[in-house]
Amino acid sequence: MCRIDAPFSNLTLNEKSNPIERFEQALDENGVHGEFRSLLLKHFAENWQKPFGDIDAIDKALNEANKHNSIQQKIKSIIQDEVIKNKLPYMLSATPLQLPHWQQPLIDFISEAAKSFFRDSPYELWKTICEGRIGLNFNDFLSYFYGEDFCFSEEFFADKSLTAMNSRDRVNILWRLFDSMTSTYSDSSDDPQIQNLISYIDGDTQSKATREFERGLKFLEAWILNDAKAGRFLSDEFNVFTEKNYLQNVLEQRLTPKNSGLEIPEEKLEVVTDWLKKKDKEIELLQYVGADLSFLTEEQKKQWIHGLNSYFLNAAYEPRGANYENYSSVKQDSLTGLLGAIDENYYDVEQDVLREICNQLSQLQIKTWMEEELEKDICALQGKKLGSIGDPPRNSQKWCFSEYYSLWKEVFLSKYSLLGSHEKLKLLSSVPPFQDDVPSEEGWDWWKSMLLNLFKENDFPSELIPYWYLAARSHVKDVELKIYYLDKSIGILRRKLANDSTPELAYQLKNLIDELQRLDPMKALRHQLLLMRTTTDLIRDEAIDQYNSFGDERGVIWYTSLKQFVQNLASKKIKGERNLSFEEREQRELKCYEETSLKLAEFCLSRLRLRKGEKATDKQYQTHQVTEPSAIWRQGYIKALGELGFDLNGKVHKTLHFIQQADPDKGVRDVAKEAYRSVRRENKKSHSLMDFRRGIIAAEWWLLLCQRQELNAPINYEEALKTRRRLLRR
């Protein structure tokens, strides 16, 4: 049979008489072990009757605590015991240092629990003890159990119980903590927080009110810096600045006598209001200053940069009387005009603001800001056309001041090295982002050298050379080098013109040919004649006349008539020589016509020769063997030679004689036969100015006629003849 005392085998039937031993007996019987047992023994073994009353209350409290696994939950269970929770708030409502000795063990128990087991969640402990009941507010609780400076620490702002909350709830708790720090108890109806604010602004360093408000500001700064470092402002959907300018918006409302009970003079009110506004800005900046960029994602970094840049713009504009609150809605292309409208000294103000901000940022933060701003400038280039001189890289401008130039240049070169040739050219063809005096000539010279050296890169595409030259030509001082670049650029664009004629391409050609005409007119003439052969745009109308209507998009803007070409050449040669007689001027003009006629004849002759390495077979050649494959154009060049009348030391008549025998096209042979006789006849004559002029006009007329024929464009031959006669009469 089972023993009747078996259920009590592990228990002592009699209570211990010694209070300490009786407490240990209760712990044993309730299975309390480890750290929790040590904590209870330390604080209640000698004085458990006062806080708990009797042993039954202890057993009940221990039994309930033992249902939990973690020591934190066990401690909370003890604190929430019915006997304890009814006493504790009243005990804590008194000044803790003045507690009777019998109450001290419970306070010491909470103090050790706070420091040893609730170090990472003080709010949870306070809430367990005091929330919803009379007792210590959270501010006093922290000061007493964690120390005066704990509320400024990283540990406090990382409080697990607070960070696990909804962001809005956490922010509201922290603002209430700030309010309690900056408010003294007062018997009057006056607003204590406003009194403390005014005392602080007045600089009364001896008053408790000033020290309290100063402590509150220190808490705000610690809050912003710690939350920024932890990345909470970038991840929370709600944070301390969701409602901007808290100090100004909330405290300023309470500055009126109706709300604060204080009569504040108008002058003082203005000072306080300005201080609140300024302080809000200082505190707002801290959320960017405190950010630890090393662990942020790329998206979070962009958020940080966007916020910082908006802050910078607001700070730079506001002192100049501009409202830039809605900067994000202002288009980039309107920024320059807005700057000019604000203040002609804007850049000085901007520099001061930038320096003030950067003095508080780390090198990594400044560099990250620069990198993103440069990235924005590079992205903005995507819509820019090659060859256009764009605005300066807008976001980079603010960095090109003396103290930041070296770092910006380092970041620029890092980004620049990753770009392709197209993007590099777009970037460097923009106006440099430097001010006239900062960083002096060094920045401009460096930017210019980057642009000039871009052409020398091994992988620089040849199709970009024309765009590069148009951007860099003001920096190329050597005339021969300019001519080389122009020659190469026009040749590249001519090949492009054969496949795709656009207004942009036409303007590029005009710019290049106009410049080449000033530097080397005869080389420009050759290019124009080659372009005439290449283009699919009609140079003249059906009557081989110019398109006359103003703004008519037809015609070719890069083409200059040969008569105008000679006149330009003659004007250039007599420029500055005011004392020339009429005969001398006419003689200069005659030489220009003669030089142009010779070059035109040489060009036409070159188009009629066989290609290099080609030979006629049985005194016959094929079309593909000739430099000019088109029979229409061969006729045009032959006609032009006949009109010009130059034999070029016998080269022309020999070539024409060969053509009339060997060309595969009968029309070409017949025209060559006629031109042969004309050249032999005209070459023996002495040419006057009028002869040269008429020869050039007639030769050009034939070439323009051929262009329309080659493109199968309609020709009004009757009107075309009238055009020829009218031109030759002039």
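Predicted model: local features only at pLDDT ≥ 70, side-chain atom pairs only at ≥ 80, totals over all residues.
I started with secondary structure: the protein chain has 36 helices and 0 strands, taken as DSSP runs numbered from the N terminus (H or I, at least four residues, for helices; E, at least two, for strands). Residues are numbered from 1 along each chain as its sequence is written, and side-chain values use heavy atoms, without hydrogens and water.

I checked helix H14, residues 208-230. Its 23 residues should span 33 Å at 1.5 Å a residue, and the end C-alpha atoms do sit 33 Å apart, so the two agree; the expected span is 1.5 Å times one less than the number of residues. Just past H14, I found Gly-231 with a positive phi of about 80 degrees.

Next, burial. Of 730 residues in the protein chain, 49% are buried (under 20% relative accessible area, 1.4 Å probe, protein chains only).

Then I looked at nonpolar cores (buried Ala, Val, Leu, Ile, Met, Phe, Trp, Tyr and Cys joined through side-chain atoms within 4.5 Å). The largest holds 128 residues, with Trp-369, Trp-408, Phe-412 and Trp-468 touching the most other members. Helix H35 (residues 689-710) gives this core its largest share, 10 residues. Another core lies apart from it, with 72 residues, including Trp-126 and Phe-152.

Last, I listed contacts (heavy atoms within 4.5 Å) for Trp-408. Leaving out residues up to four places away in sequence, Trp-408 touches, among others, Met-370, Trp-399, Pro-433 and Trp-447.

Technical notes. Buried < 20%, exposed > 50% of the residue type's maximum accessible area, 1.4 Å probe, protein only.
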